Amino acid sequence: MRIDSDVVDLGTAGTVTKLLNTNDRIVWIKIKALAANSGLVYVGTSDVSTSNGYELHAGGGADGQVELDFGSYRDGSVKASDLCAIGAADNEDVTWIAILI
């Protein structure tokens, strides 16, 4: 088990970007939209879009972050490379911190 973190540039608006490009499994993760973002960020799986993603507002307040605790469920973890995000504007960023196994 280890802790890792990163900042991810989401590039061109509407382009799906993997948050982690690894086959490790996530037990717990917190994802936050950066305060400098100009638009919304959406988090989900490889088919994430503005209509089905979990919406994060810039700034990381209650509307700007999400915490996922897969470890609280029996055998709880997800493949790290399954988590993705898109920005509603170009060059939005998210930061994350995770416990990986």
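Is Asp-75 buried or exposed? Asp-75 counts as exposed, at 69% relative accessibility; here buried means under 20% relative accessible area, exposed over 50%, and partly exposed in between, with a 1.4 Å probe and protein chains only. The structure is a predicted model, in which local features need pLDDT of at least 70 and side-chain atom pairs count only at pLDDT 80 or more, while totals for chains, interfaces and linings use all residues. Residues are numbered from 1 along each chain as its sequence is written, and side-chain values use heavy atoms, with hydrogens and water left out.

The protein has nine strands and zero helices. Both kinds of element are DSSP runs numbered from the N terminus, helices being H or I with at least four residues and strands being E with at least two. From the N terminus on, the order of elements is β-β-β-β-β-β-β-β-β. The radius of gyration of the protein is 13 Å, close to the 13 Å that the globule rule gives for 101 residues, so the protein is as compact as a globular protein of that length. This radius is taken over C-alpha atoms, and the globule rule is 2.2 Å times the number of residues to the power 0.38. Along the principal axes, the C-alpha trace spans about 35 × 25 × 20 Å.

Of the 101 residues, 38% count as buried. The accessible surface of the protein comes to about 5400 Å², and 47% of this surface belongs to carbon and sulfur atoms. Accessible areas come from the Shrake-Rupley method with a 1.4 Å probe, and for residues only the protein chains shown count as cover. Contacts, defined as heavy atoms within 4.5 Å, were also counted by their separation in sequence. Among contacts with a separation of 6 or more, 81% are between residues 24 or more positions apart.

Ile-29 gives an example from a strand. This residue lies in strand β3 and counts as buried, at 0% relative accessibility. Not counting residues up to four places away in sequence, Ile-29 touches Leu-20, Val-66, Glu-67, Leu-68, Phe-70, Leu-83, Trp-96, Ile-97 and Ala-98. The C-alpha atoms of Ile-29 and Gly-71 are 10.0 Å apart in space, and the two residues are 42 residues apart in sequence.

Asn-37 is placed in the loop between β3 and β4 (41–44). Although Asn-37 is in a loop, this residue counts as buried, with 9% relative accessibility. With residues up to four places away in sequence set aside, Asn-37 touches Ala-58, Glu-92 and Asp-93.

Thr-22 is found in the loop between β2 and β3 and counts as partly exposed, at 24% relative accessibility. Leaving aside neighbours within four places in sequence, Thr-22 is in contact with Ala-80 and Ser-81. Thr-22 and Asp-93 are 71 residues apart in sequence, and their C-alpha atoms are 19 Å apart in space.

The charges were examined next. The protein has 7 positive and 14 negative charges, and the mean positions of the two sets are 9 Å apart. Lys and Arg count as positive and Asp and Glu as negative, whereas His and the chain ends are not counted. The place of a charge is taken as NZ of Lys, CZ of Arg, CG of Asp or CD of Glu.

A salt bridge is a side-chain nitrogen of Lys or Arg within 4 Å of a carboxyl oxygen of Asp or Glu. By this rule the protein has two salt bridges. One joins Arg-2 to Asp-24, with the closest N and O atoms 2.8 Å apart. Arg-2 lies in strand β1 (residues 2–9) and Asp-24 in the loop between β2 (17–18) and β3 (25–33), so this pair ties together parts that are 22 residues apart in sequence. Arg-2 is partly exposed, with a relative accessible area of 39%. Another salt bridge is formed by the side chains of Asp-75 and Arg-74, at 3.9 Å from N to O. Arg-74 is exposed, with a relative accessible area of 79%.

Asp-75 is placed in the loop between β6 (65–69) and β7 (78–79). The phi angle of Asp-75 is near 55 degrees, a positive value in a residue other than glycine. Asn-91 also has a positive phi in a residue other than glycine, near 60 degrees. Asn-91 lies in the loop between β8 (84–87) and β9 (93–100) and is partly exposed, with a relative accessible area of 49%.
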